[in-house]
Amino acid sequence: MAEVSMCRRSPDEERILIKDIALAAEAKSKEGDTFFLITQRWWQHWIDYVNQEQQPDVSEHCDSSSFKRPAGIDNSDLISDDAIEIQDTLLEGRDYVLLPQQVWNQLHTWYGGGPTLPRRVISSGPSHTEMAVEVYPLRLQLLVVPKGGLSTIRISKKETIGELHRRACEIFDLSPEQVCIWDFYGRKQHALMTDIDKTLDDANIQMDQDILVEVLSPDNGTRPSGYTSSVRYDGSLEKEAASVLVEPSKSSLSIAGGLSASKGASRSYNTELAQSQSLTSVRELDTTYGTIGVSTRGSSGGLTGLQNLGNTCFMNSAIQCLVHTPEFARYFREDYHQEINWENTLGMRGELALAFGELLRKLWAPGRTPVAPRPFKTKLARFAPQFSGYNQHDSQELLAFLLDGLHEDLNRVKQKPYIKSKDADGRPDEEVADEYWANHIARNDSIIVDVCQGQYKSTLVCPICNKVSVTFDPFMYLSLPLQPTTTRTMTVTVFSCNGSALPSAYTVTVPKQGRCRDLIQALSNASSVKHSERLLLVEIQNHMIQRFLEDPLILLSTIKDDDHLAAYKVQKSAKNTKYLQLIHRRKDQGTSDGHITSGWLPYGTPLLSAISCDDEITRGNIQNMVHTMLSPMLRTESLDHTDISGARSAIAASNPSGNLRGEACTDSAISNSMNNDITSSKPVKSLKLSLQLVDESNACIDLSVGEEKAITLPSASTSILVYADWSQKLLDKYHTHYLENLPEVFKYGPVTKKARTEPLSLYTCLEAFLREEPLVPEDMWYCPQCKERRQASKKLDLWRLPEVLVIHLKRFSYSRSMKHKLETFVNFPIHDFDLTNYIAHKSNSGHQLYELYALTNHYGSMGSGHYTAHIKLLDENRWYSFDDSHISPINEEDVKSAAAYVLFYRRVKSEDSFVSNGVLSCGGDNKVASDK
């Protein structure tokens, strides 16, 4: 570990110096430079520390932990459990920050710590003119034959085949003349890698793939005797069919996974592989792991990433899911131009379809060089200005626009007929549904309808005349709620202002779309509020009262789950009242420029009491009020010796948010009264508090004497602020833990897929979507029988399912004042998603089974999060993670997470299954372009 510099600079000096170093480094940045990963948590702490002088008056009202000098750099949260490699799912800006080498060196000199995580700048993009930091170098598995050794290494994709050859020889202690290496992607023999100057990127080498290291005969550079299906080092292939029989290797290398400090690869000598069977040749390895033969890997395509053009991950993830929908991949790689509707005024004159088709063909072309989707984004911005620029957007909103836009561009109906829908009038549902669907197809007929559109039954019932209206409407996707219930639980701590009871937390159930009056009523019932009392609800932030929730019509949706609420029992009184706020503070010691400093910081939960402005208030009255509020927490052993004269309090005029200029309340202003009381050895019979009043002119008035003197209440404020500074002696005399750890409104567990013992099921979300419920007042239905708008009840049923079912999990909620994201883990099936029992068309006896093949994920918060996609390549039967230009294989069990956002399911073909969007019945095959 580097020696930490003992010459400590001020926070502002550190900030200015690092800024200058960063600007100079950025101006000279070039390929081959080194950047360093540093944990976002530590970096943010340092940013807060060096910017504290730019934020005035933070010491009085804010928690100062963020403004202490950070400890040593700790990157341990970036490292995986094996303490060798960084975790595979890190995101820049959320988990880590990339620092130029000069900036890292300076911070490391000041703070020390580690581990050090260097990464190299490489060229990227089709023209190799864009610079990028290679956070995740290629991870390759080397398999040695005929020895049977295995090892995992990390190597930059910009390194050459020659360097990979050298590393392989070094790791396995082999002579370069005896070794040749093969591209062994998918455990299939693809190409002999002989062009030593070619980069691994140009050679189409992928993350987590296999490289075959073949050891030739030491005598003449050919394969061992008996090997007749040989591959010469000049790259030619002789297709012969004999296998090799040689003596098994005495030892074998197994994968240890990760890097070592010496050679960049870890070696573990065991016989795990050899215990079953030693692999002694290329032929035998091919037979064991896959089909033998040389093929052109990548010819089938599908593993090409999309460059992030600046917050375009929302677009990239949606495009990859559509591109990897087999029906679309097949359609757009054939001649689809004859189906473009050049005259459709509802479409984009074919331009969107052409741009999407061109992009799809690039992504399915051989090779792995990421594609920059600029032409497509230009067309997108032209027809959908809401997606212009480089702001983050909702991936599902883009997906909805794309599906609708592609449908209109490819609509086979050139002249849409006008068709008036008929009411059901008691006719059988099957007849009405087929009629609605035929009318829909008469106006809308495209590959998008063939593949993605289904039909649901909508039933409305008038609450007055019981008129029933049944319609059958098409859908492109299902938007399922993640909260199937209509209620929420909220935890609030209730305080008694008259000293009659200790604080107590109550958890109550209230309507999810309720108002503050519902919460106050539930709390009043739970805490047994008397008829002469009422509850005053407030929000606590940074140990101060942030706002009063006095308006009974405030929506509960404006109160977040991580907010902290308190309710105070106060007497019902006349309108002319003010609130006395008792704000607790305790001494905090820290260091600044090497010197120990101390100050009083807010602490605990405020207490509150109502004061009538109609009565004369004396200084003694204020002391008695404070004593009454604190009395339930007084320890019993302190009752005989109630020396609490060490409590200092400052009274000040304040607004409800608690902002106060506290510089007038200094230690020197009250030192005499404090010292006199603290040094007294006699028990204090009466609880006399040393108080100070800061008037509206910010003048400090000593209230420790003259209890009979009246005080003037501030006219411009509804609150009187009282600071109680808790010395250690006072803390020992009171049970102050009742004031600490105010619970959150609702406490979530860790956001992981294992955080819930009974995770929310996708079936449960679907049932909530299909459940009958009244329409919201803003969306009332016009009853044709009553001739008035009614708040009818609405029931949805699935009637006809598409070939590809797209399911949108409604994680985001919007209101005028806030946006909120649900991190709920939804347990969605990957295989055998059975919708048979959810189909209202009971005449269809076929099984409705679906299988997941793609999904988009959203990580982080709204507006600043990140989108990725998980996609299953059906030809390989293997899942991959598509993170913009970065593509890597993943295990199927890793597909599920709390980040899942939009799910793509394909119908499972079976003998008795019916594809549901035929015209005449709920069964029958979907139409695709090739059928027409």
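1. Two strands pair if DSSP finds at least two bridges between them. Helices (H or I, at least four residues) and strands (E, at least two) are DSSP runs, numbered from the N terminus. On that basis, serine 458 stands opposite threonine 471 in β16. Tyrosine 456 likewise faces aspartate 473 of β16.

2. A word on the source. This is a predicted model, where local features need pLDDT of at least 70 and side-chain atom pairs count only at pLDDT 80 or more, while totals for chains, interfaces and linings use all residues. Residues are numbered from 1 along each chain as its sequence is written, and side-chain values use heavy atoms, with hydrogens and water left out.

3. The overall count. The protein chain holds 17 helices and 44 strands. Of its 932 residues, 50% are buried (buried: under 20% relative accessible area; exposed: over 50%; partly exposed: in between; 1.4 Å probe, protein chains only). Take the contacts (heavy atoms within 4.5 Å) between residues at least 6 apart in sequence: 72% of them join residues at least 24 apart.

4. Back to β15 and β16. Strand β15 covers residues 454-461, runs antiparallel to β16 and is joined to β16 by 8 bridges. The two strands make a hairpin, with 6 residues between them. Asparagine 466 sits in that turn, and its phi is positive, about 65°.

5. Helices α9 and α10. Helix α9 (residues 374-383) packs against helix α10 (residues 395-409) at about 85°, and the axes lie 12 Å apart. The pair is therefore roughly perpendicular (65 to 115 degrees; under 35 is roughly parallel, over 145 roughly antiparallel, the rest oblique). On the α9 side the meeting residues are Phe376, Leu380 and Phe383. Leu398, Phe401 and Leu402 come from α10. By class, this contact has 6 nonpolar residues, no polar ones and no charged ones (nonpolar: Ala, Val, Leu, Ile, Met, Phe, Trp, Tyr, Cys and Pro; charged: Asp, Glu, Lys and Arg; polar: the others, Gly among them).

6. Helices α6 and α8. Helix α6 (residues 313-323) crosses helix α8 (residues 351-364) at roughly 80°, and their axes come within 11 Å. That makes the two roughly perpendicular. From α6, the residues at the crossing are Ile319, Gln320, Leu322 and Val323. They meet Phe356, Leu359, Leu360, Leu363 and Trp364 of α8. The class count is 8 nonpolar, 1 polar and no charged residues.

7. Phe376 is worth a look. Leaving aside residues up to four places away in sequence, phenylalanine 376 touches Met315, Ile319, Leu352, Ala355, Phe356, Leu359 and Leu402.

8. Helix α2 (residues 40-50). Its buried residues are Gln40, Trp42, Trp43, Trp46, Tyr49 and Val50. The cover over them includes α1 (11-27), β1 (34-39), β2 (73-74), β3 (96-100) and α3 (101-111).

9. Two cis peptide bonds to check. One runs from glycine 114 to proline 115, with omega near 0°. Proline 115 lies in the loop between β4 (113-114) and β5 (118-124). Another runs from valine 145 to proline 146, with omega near 5°. Proline 146 belongs to the loop between β7 (138-145) and β8 (150-155).

10. Two loop residues with positive phi. Arginine 349 is not a glycine, yet its phi is about 55°. The loop that holds arginine 349 lies between α7 (326-333) and α8. Arginine 349 is partly exposed, at 40% relative accessible area. Asparagine 741 also has a positive phi, near 55°. Asparagine 741 is in the loop between α16 (728-733) and β30 (760-761). With a relative accessible area of 72%, asparagine 741 is exposed.

Definitions and conventions: Axes are lines fitted to C-alpha atoms, for helices over the stretch in contact, and angles run from 0 to 180 degrees between N-to-C directions.
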